[in-house]
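Please read them beside the sequence and the coordinates.

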Amino acid sequence: MNHDEQADQLAGEIAALAHSTGRTVAVAESLTGGRICAALAAAESASQWFRGGVVAYASEVKHTVLHVADGPVVNASAAHAMGVGVRDLLDADLGLAITGAGGPAPQDDQEPGTVFLAVVDGSESGSEPVERHIDGDPGQVCATAATEALTLLAERLRLPAVTSSGAVGCG
């Protein structure tokens, strides 16, 4: 199965999980340039659970729109801030964020293929950003990173919902 087929399959799973739990999703993408949003928007009943996304490719967009702190944007704290920013901006239950160095050159002292992912909900527990190292050319890094992000989102949607007050519920 190629990356596009994997993304479509994961988006279908995410659609079912979001729909069954009544949760909404927003996405902040950097190096994947909209691939994640495209997969989610094409999934079943997306208008009911997918709030939208922000493709914040430029560092200044991350800083001004998503409120990422000044400084490097390819790190765990930037991914977390992007997730919080897009969740708040689009009034979603979950904010998925991805930032990284796609290559061929390093960025912010991170080697090509270094990717940071975060899924942020109303709690601080379980929202720790994840670091991945992906081999390949920039296109391969982006495709694999999008699949990794969708996988992480599906995993989070399988967990009980957490409200902004930190309360745990069924959805």
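The points below go from the whole chain to single residues.

1. Basis. This is a predicted model, in which local features need pLDDT of at least 70 and side-chain atom pairs count only at pLDDT 80 or more, while totals for chains, interfaces and linings use all residues. Residues are numbered from 1 along each chain as its sequence is written, and side-chain values use heavy atoms, with hydrogens and water left out.

2. Secondary structure. The protein chain contains 6 helices and 7 strands. These are DSSP runs numbered from the N terminus, helices being H or I with at least four residues and strands E with at least two. Their order along the sequence is α-β-α-α-β-α-α-β-β-β-α-β-β.

3. Overall dimensions. Along the principal axes, the C-alpha atoms fill a box of roughly 45 × 40 × 25 Å.

4. Of the 171 residues, 49% count as buried; buried means under 20% relative accessible area, exposed over 50%, and partly exposed in between (1.4 Å probe, protein chains only). Among contacts with a separation of 6 or more, 63% join residues 24 or more positions apart, a contact being heavy atoms within 4.5 Å.

5. Charge. The protein chain carries 8 positive and 22 negative side chains, and the centres of the two sets are 6 Å apart. Lys and Arg count as positive and Asp and Glu as negative, without His and the chain ends; each charge is placed at NZ of Lys, CZ of Arg, CG of Asp or CD of Glu.

6. Aromatic rings. The structure holds 1 aromatic pair. W49 and F50 form this tilted pair, at 6.0 Å centre to centre with 50° between the planes. Rings of Phe, Tyr and Trp (its six-membered ring) pair if their centres lie within 6.5 Å; planes under 30 degrees apart are stacked, over 60 edge-to-face, and the rest tilted. Both W49 and F50 are buried.

7. Helix α6. L152 is buried because its relative accessible area is 15%. Q140 also lies in helix α6 (residues 138-157), but counts as partly exposed at 43% relative accessibility.

8. T32. This residue is in the loop between β1 (25-29) and α2 (35-41). At 5% relative accessibility, T32 counts as buried. Leaving aside neighbours within four places in sequence, T32 is in contact with I98, C142, A145 and A146.

9. Backbone points to check. Most residues other than glycine have a negative phi, and most peptide bonds are trans. The G103 to P104 peptide bond is cis, with omega near 5°, and P104 sits in the loop between β3 (94-101) and β4 (114-120). H67 has a positive phi, near 60°; H67 is in the loop between α4 (59-65) and α5 (76-89) and is exposed at 62%. D91 also has a positive phi, near 50°; D91 is in the loop between α5 and β3 and counts as exposed at 58% relative accessibility.
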